[in-house]
Amino acid sequence: MRTEPGERWWIVVASALGLLVGNGPVMQFTFGTLLPSITGQLGWSRGLVSSALVVGLWVTGIATPVFGRLVDRFGIRAVALPAIAVFSLATAAVALVPASPVAFTALYAVMGLGAAGQTPLIYAQAISARFDRERGLALGIALAGVGLGAALVPQFAHRLIGIAGWRGAYAGLGALTFLLAFPAVALFVGRPVGGRERRAPSGAIAAMPGLTGVEALGTPRFWLLAFSFFVVSGTTGGVISHLVPLLADRGVSSQSATAMLGIAGTALIAGRLLSGFLLDRIHAPYVAAVFFLAPLIGIVVLLSTLRSEGAAIATVLVGIGIGAEVDLIAFLASRYLGMRSFGEIYGYFFSIFMLGAGLGPFAMGISYDRTGSYKLMLLCFASALGLAGLPMLRLGPYPYPAERETSRENALAPTG
């Protein structure tokens, strides 16, 4: 089960590279950049276009637990590589979509299906299987790739829109996803622990500490965690997906508004690294409660000022919240529910996470279409975030804490 230390950290680096073009940067963070061009050319409302993203994210959410179970059984490569190919091709195919909301939404649904194999699940599974005492830091570094993608991929899409329009931007995004993620998983992330690709014996799976998926669903801790993840993903996803049009409505240029996504991405990286560092040192629910306050303060700032400086501060705070949440899902799932069915359990959490992430942008779009403003939904988001940290304080001590290094060596040593 052991992996050489140098090899472990190369897997972390490759995970960061793969997540640079994960489902978040490609589907969510570029959406606000693409939205004005799509609505302007096709004459569709923001709510209508946002509904396609909702469908895509919800399909990802529904499919992720299935992918998690498949990864537990067949390994990462067998599941992730075909999914990355589908995700890349479907993204590129949006370039050819006719002016039909049904066709546009259908392609987003296919994107969402492929994206289930290009979520943090794949990378968190690989890292959690190789790291114990440094798990928080390793997850933080790897998942910082999402922040790097959030900073760079919208800028890439913005440049492509200027050169080839929004259709060309989708083609470019599909190509970029395949060129980065496929080799990262094929050469590094997908390498099985022990060096050989094989199905995990059922006895080995059962021997790992933790609960089965069904057992986890029956625990109060699972649902306390799920509630917080749902609220945080919905509120932060809603704000980020509509940040560019929200700022444009306030007179900010599209280029400057897109640059704000770069600020969010930088803050996301900082949030990932900081949360990863703290998770190995401070009781994780306390870390979560503090990080959930950041987007709440950001939304309050966004509501209280029209100045670009205030928008930048708000963007940083929301980005920090996004930065911590996916790290927290993986870390808290492994410590409170164990590693026995990590892929399946993480898949359930990510499904709930994506349900919120899809509902947030849709609610923002409907709020704008009905009231001509995002203010009402931002107020609802702020209120919901005020409740998200409370379940964290009821989780208690870890049932599956990090093993002491000496215990680990003794367990690995031959007996007799």
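Colleague: What volume does the largest cavity have?

Modeller: Please keep in mind that this is a predicted model. A search of the whole structure turns up 3 cavities of 30 Å³ or more. For the largest cavity, the volume comes to about 180 Å³.

Colleague: Is Thr-30 buried or exposed?

Modeller: Thr-30 sits in the loop between α2 and α3. Leaving out neighbours within four places in sequence, Thr-30 is in contact with Pro-25, Val-153, Pro-154, Ala-157 and Leu-173. Its relative accessibility is 0%, and buried means under 20%, so Thr-30 counts as buried.

Colleague: Why does the end-to-end distance of helix α4 agree with its number of residues?

Modeller: Helix α4 covers residues 46–74, which is 29 residues. At 1.5 Å a residue they should span 42 Å, so there is agreement with the distance between the end C-alpha atoms, 41 Å.

Colleague: Where in α4 is the kink?

Modeller: Good thing to look for on the screen! The kink is about 35 degrees and comes shortly before the proline Pro-65. Just after the helix, Gly-75 takes a positive phi of about 95 degrees. The kink itself lies at Ala-63.

Colleague: What covers the buried residues of α6?

Modeller: Helix α6 runs over residues 101–115 and reaches 21 Å from its first C-alpha to its last. Its buried residues include Phe-104, Leu-107, Tyr-108 and Met-111. Among the elements covering the buried residues are α2, α3, α4, α5 and α8.

Colleague: Which residues does Ile-269 touch, not counting those up to four places away in sequence?

Modeller: Start from helix α13 (residues 254–279), where Ile-269 has its place. The C-alpha atoms of Ile-269 and Gly-149 are separated by 9.4 Å, although the two residues are 120 residues apart along the chain. The residues that Ile-269 touches are Ala-144, Gly-147 and Leu-148.

Notes:
Residues numbered from 1 in each chain as written. Predicted model: local features only at pLDDT ≥ 70, side-chain atom pairs only at ≥ 80, totals over all residues. Heavy atoms only, no water. Helix = DSSP H or I, 4+ residues; strand = E, 2+ residues; numbered from the N terminus. Contact = heavy atoms within 4.5 Å. 1 Å grid on protein atoms, 1.4 Å probe; cavity = no way out; pocket = protein on both sides within 12 Å on 5 of 7 lines; lining within 4 Å. Points joined across faces, edges and corners; volume = space filled by probe spheres on them. Expected span 1.5 Å × (residues − 1). Bend = angle between axes of the 7 residues up to and from the residue. Buried < 20%, exposed > 50% of the residue type's maximum accessible area, 1.4 Å probe, protein only.
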